Amino acid sequence: MAEKNLDAVGRFLARQGILVAFVLFMVGFSLWNPRFIDIDNVFGVIRSSAILGVMALGVTFVVIGGNLDLSVGSLMSFSAIVVLDLHENPAFGPFLAIPVMFAMTMAIGALIGFLVGYLRLNSLIVTLGMLSAIHGLTLTWSGGQNMDIANQDATWFGVFGRGTALGIPIPVLIFGLLAAVLAILLAKTPFGRKVYAVGGNGTAATFSGIPRARVVFFTYLISSFCVATAGLIQASRTMGAQNTVGQGMELEVLAAVILGGASLLGGSGTVFKTVIGVLILGFIQNGLLLAGLQFYVQFVVTWVIIILAVWLDIATKRGKLWSAIA
Amino acid sequence: MKSDNMSNLIKNGAIWGFIVLELIFFQIAGEFWSLSERAFMDLDNMLLLLKQSAPIGIIAVGMTVIMINGNIDLSVGATYALCAIVMLDSMSWPFMESLGDWAIPLAWLFALLTGAVLGLINGIIVWKTGVDAFIVTLGSMLGYRGLVFMYNGENPTYHLNWTMVDIAEWDLFGVETPALVFLAVALIVWFVMTRTVHGRNAYAVGNNREAAVNAAIRVGPHMLINFVLIGFLAALSAVTFYSGSGSVNPNDGMLFELWAITAVVLGGTKLIGGAGSIVGTFGGVIAIQLLRKGLGHIGADTATVNLVIGLILIAVLFLDRQLNVKGKEELKV
């Protein structure tokens with residue numbers, strides 16, 4: 001009986017390897033430097049990871065559905081620029097700017113969803129093209145200028161990025177709330193099961209009567225909703241934005257999702273694991289800084305961790321450490 | 001069978017047809033909208049275009065081989081920047097300075113070696129761990145960029161050597177060094193891909209890896225060689241460009257991987273591997289550079305260029321799919 005339990009624990013550890021590594025990392029670092037686990041520091045890390053995290057939540061749906069989204073960074077710049085510009089426009093103001101920005105961002109998400117879902121085009125190339133096209137759109141909108149809110153004291157717009165409620169920073173609240181809602185959507189609803197089915201085996205899903213195109217379409221719509229939320233937090237936190245504020249984030253987001261254990265082939269991954277992936281990236285960055293290392297060392301460490309995480313994952317699945325490639 | 005040939009002809013010729021269309025369009029549109037007195041299809045302008053397309057072009061040639069293999073390399077931009085820094089920084093090492101102009105070939109060698117080693121690292125990881133090349137190179141894209149920043153922080157690295165600039169701006173009948181290097185690289189890799197065993201293996205591995213293994217192709221070392229090749233070519237691209245400019249920023253080369261992939265896909269190479277050609281990629285590189293230059297010629301800004309290139313990429317994908325599906329009784333799912 002005890003042996004059986006031990007076996008179950010072993011299997012659990014193998015399955016939740018990334019979570020175990022995370023806990024070990026946290027405990028080790030807190031023993032070494034108690035400031036690491038300080039509540040202010042923890043909130044600080046989560047707050048600075050929130051923008052990346054919110055985007056990663058949406059991309060998790062896309063990746064589980066068996067596709068990629070390389071356009072999220074570019075789209076985030078777009079939504080931040082648009083919301084700031086409309087905010088400054090007297091005809092809109094903050095009350096109208098936010099819903100209009102969400103509508104525009106999600107319209108672009110719907111376009112990508114249409115191209116990948118209904119036209120069945122390769123998602124890597126489509127979103128690569130959209131990365132470039134949306135960047136062009138952003139530059140056209142802003143005229144190449146940075147956007148700033150002129151009178152920052154006169155608006156409540158800063159609440160999404162700078163405010164706190166019950167002592168918790170608002171970006172952390174948004175990230176947590178969105179993660180909870182999306183986790184339920186993915187794990188407990190028929191839609192969530194369909195996303196797994198489409199990503200796991202698209203043909204089988206189609207033959208089971210699952211509307212593959214529509215499911216893929218909605219994963220991109222969810223992704224663009226998350227991107228719009230991230231853009232809102234970003235714009236509100238800095239009360240201004242550059243045209244390139246989200247540049248390169250698409251790959252960091254993907255790194256977090258992969259670190260969480262989602263397979264790029266689709267069909268696996270969870271919202272919870274993605275959150276862990278985001279937190280690992282955030283806390284590693286913070287830990288290295290507290291250790292007095294250069295900021296850029298985190299990129300190298302992230303590289304090593306991503307490779308090790310994915311390698312261990314597939315090594316456990318195939319039961320051999322080294323690949324079978326001749 | 002005949003319609004098969006026809007559709008192949010359309011597919012292979014499409015990129016050249018597109019280039020001709022671009023040339024005609026910008027020539028005519030330039031008459032109306034351009035502020036410049038010069039015609040678009042001016043010889044000097046075309047030579048300049050070839051030179052400007054060299055940095056991305058050299059990398060795109062390597063990317064074609066990688067993608068024919070069914071792999072992808074996202075780390076080329078970071079490799080490019082790191083090699084440029086190694087080259088320019090090594091010029092000011094004390095022992096190098098004492099060598100005078102003989103330091104130049106040595107600096108090039110350091111850069112090219114760096115590129116080859118970075119490619120080797122990617123290749124070994126792909127081979128030995130079996131992790132997908134997309135993930136491996138996504139990781140090393142971050143890692144190599146981290147090394148770039150650790151080298152010199154956010155400061156630019158520069159070293160201006162006039163002999164080196166002279167070499168970079170040397171020309172043969174008006175074709176400058178970068179363009180010559182691009183043409184030579186394209187020619188050599190084209191030869192390798194069409195006339196040698198390695199080239200034939202590249203298609204075999206991309207087409208059906210299992211079958212390639214059964215045909216006694218050593219897939220691991222084969223892919224390793226290709227990753228070393230693309231690392232080397234990214235370094236060569238950096239060498240040709242930065243010998244002339246003499247200054248590199250740590251953010252240089254960002255998005256190069258995406259430009260290179262765009263050019264390769266426009267040239268007809270499939271993401272799933274097994275199909276594609278160097279000639280097509282050459283056309284893709286030229287087509288993109290023509291578009292950037294042509295839109296600039298008629299007064300459009302970068303915003304429009306980005307927008308148009310993105311939309312064209314999606315349109316090409318759509319058309320390609322339509323052409324491929326036609327006549328192939330594919331299961332409608």
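The model is predicted.

Start with chain B. Its secondary structure consists of 15 helices and four strands. The C-alpha trace spans about 70 × 60 × 35 Å along the principal axes of the chain. Of the 333 residues in chain B, 47% are buried. Now take the contacts in chain B with a separation of 6 or more. Residues 24 or more positions apart account for 78% of them.

Within chain B, look at one helix pair. Two packed helices are described by the angle between their axes and the distance between the axes. Helix H6 of chain B covers residues 103–129, and helix H7 of chain B covers residues 133–152. They pack at an angle of about 145°, and their axes lie 10 Å apart. The crossing of H6(B) and H7(B) is right-handed. H6(B) contributes B:Leu118, B:Ile121, B:Asn122, B:Ile125 and B:Val126 to the contact. From H7(B) come B:Ala133, B:Val136, B:Thr137, B:Ser140 and B:Tyr144. By class, this contact of H6(B) with H7(B) has seven nonpolar and three polar residues, with no charged ones.

Next, the interface between the chains. Here 42 residues of chain A are in contact with 45 residues of chain B. Which elements of chain A give two or more residues to the side that touches chain B? They are helix H6 (123–142), helix H10 (202–207), H12 and helix H14 (297–318) of chain A. H6(A) supplies the largest share of that side, 14 residues. The side of chain A that touches chain B divides into 30 nonpolar and twelve polar residues, and no charged ones.

Helix H12 of chain A spans residues 249–259, and helix H4 of chain A spans residues 72–88. Their axes come within 6 Å and cross at roughly 125°. On the H4(A) side, the contact is made by A:Val72, A:Gly73 and A:Met76. On the H12(A) side, A:Met249, A:Glu250 and A:Val253 take part. The residues of this contact between H4(A) and H12(A) divide into four nonpolar, one polar and one charged.

Conventions. Residues numbered from 1 in each chain as written. Chains lettered and ligands numbered in written order. Predicted model: local features only at pLDDT ≥ 70, side-chain atom pairs only at ≥ 80, totals over all residues. Axes fitted to C-alpha atoms, helices over the stretch in contact; angles between N-to-C directions. Contact = placed C-beta atoms within 7 Å. Nonpolar A, V, L, I, M, F, W, Y, C, P; charged D, E, K, R; others polar. Buried ≥ 20, exposed ≤ 12 C-beta atoms within 10 Å, placed from the backbone. Left-handed = near helix turned anticlockwise from the far one by under 90°.
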